[in-house]
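Have the coordinates open and try each task before reading its solution.

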Amino acid sequence: MNPTAPMAPSFLIVAIDGGAAAGKSTTARALSSQFNLLHVDTGSYYRAVTHELLRQGVPSDDTAAIAHAASGLALGTRVQGHRAQIEIGGHGVDEAALRGPAVNAAVSHFAAVPAVRSALLAYQRDQARIAREHGFAGLVMEGRDIGTVIFPDADFRFFLHADPAERARRRAAEGQQDSIAERDRLDSTRKASPLQCPPGATGLDSTHLTLEEVVARVSAPIAARLAANT
Ligand code: CDP
């Protein structure tokens with residue numbers, strides 16, 4: 001069986017990729033409630049793994065130590081509402097810690113290590129099984145490599161972008177200290193699954209759009225497809 005193939009015609013997979021603060025999470029959250037999809041924020045998974053490796057004192061430049069620690073992580077999933085949340089060693093990770101300065105500064109370094117990506121690969125694909133078990137109509141997964149690597153055969157693949165200045169403004173408005181330009185540079189230039197627009201994906205520039213307008217443009221083709229299938 002092709003592990004990347006959609007699981008059944010009636011099970012919808014939506015992939016949303018894009019750089020930091022491009023509007024992925026707000027869009028994915030809106031789609032999840034509109035279409036009863038499990039919302040999987042893979043950035044929070046990379047953040048949780050980063051938080052755990054920092055807690056274990058693993059240096060972000062020691063590839064062998066990172067590989068050893070990453071392969072030993074016991075990953076689980078808790079579903080809360082429409083949202084899938086990662087557990088490591090049976091524990092969830094506090095959202096504030098995941099978005100704090102220490103994780104912001106380290107996450108792109110850990111995420112560039114192939115062993116970290118492969119530790120999360122099957123786990124991310126398995127979220128489709130979890131979505132089905134919980135009775136969702138599909139899943140919406142956001143990240144950097146969802147349409148290219150995790151679900152290249154997704155029913156819908158979107159790539160969100162926005163001017164760097166507008167994205168920095170959005171992140172600052174959230175009250176966060178985050179060097180998104182540096183994370184984008186690291187994410188786009190790494191060898192393992194770099195941030196890039198998946199071939200054939202629908203690109204959307206959100207610089208001059210409200211979040212409501214972004215959601216409307218992304219949800220319209222999904223609603224049209226579902227209406228055609230009923
Ligand atoms: O929310 P924000 O746009 O700030 O970033 P995020 O989605 O929380 O992702 C945090 C970091 O995780 C990214 O900068 C990437 O380094 C990494 N990441 C990744 O490499 N692959 C993914 N599929 C998702 C996130």
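**Exercise 1.** Find how far an oxygen atom of the ligand is from an N or O atom in the side chain of S108.

*Solution.* Start at S108: the separation comes to 3.0 Å in this predicted model. With a cut-off of 3.5 Å, that pair counts as a polar contact.

**Exercise 2.** Work out how many residues surround the ligand, and which helices supply at least two of them.

*Solution.* First, count the shell: 19 residues surround the ligand, with R47, R117, R171, R183 and D187 the closest. Second, sort them by class, which gives 10 charged, five nonpolar and four polar residues. Third, assign them to elements. Helix 2 (42-55), helix 5 (101-111) and helix 10 (180-189) each supply at least two residues; helix 2 has the largest share, with four.

**Exercise 3.** Determine which pocket holds the ligand, and describe the lining of that pocket.

*Solution.* Begin with the location: the ligand sits in the largest pocket. Its volume is about 710 Å³. Now list the lining, which has 37 residues; A21, K24, S25, R99 and R171 lie nearest the centre of the pocket. Among the elements giving two or more residues to this lining are helix 1 (24-35), strand 2 (37-41), strand 6 (138-143) and helix 9 (164-173). Helix 2 gives the most, five residues. Close with the classes: the lining has 19 charged, 10 polar and eight nonpolar residues.

Methods. Residues numbered from 1 in each chain as written. Predicted model: local features only at pLDDT ≥ 70, side-chain atom pairs only at ≥ 80, totals over all residues. Heavy atoms only, no water. Near = heavy atom within 4 Å. Polar contact = N/O pair within 3.5 Å; in protein donor to acceptor, adjacent residues only side chain to side chain. 1 Å grid on protein atoms, 1.4 Å probe; cavity = no way out; pocket = protein on both sides within 12 Å on 5 of 7 lines; lining within 4 Å. Sits in = over half its atoms within 2 Å of the grid points. Nonpolar A, V, L, I, M, F, W, Y, C, P; charged D, E, K, R; others polar. Points joined across faces, edges and corners; volume = space filled by probe spheres on them.
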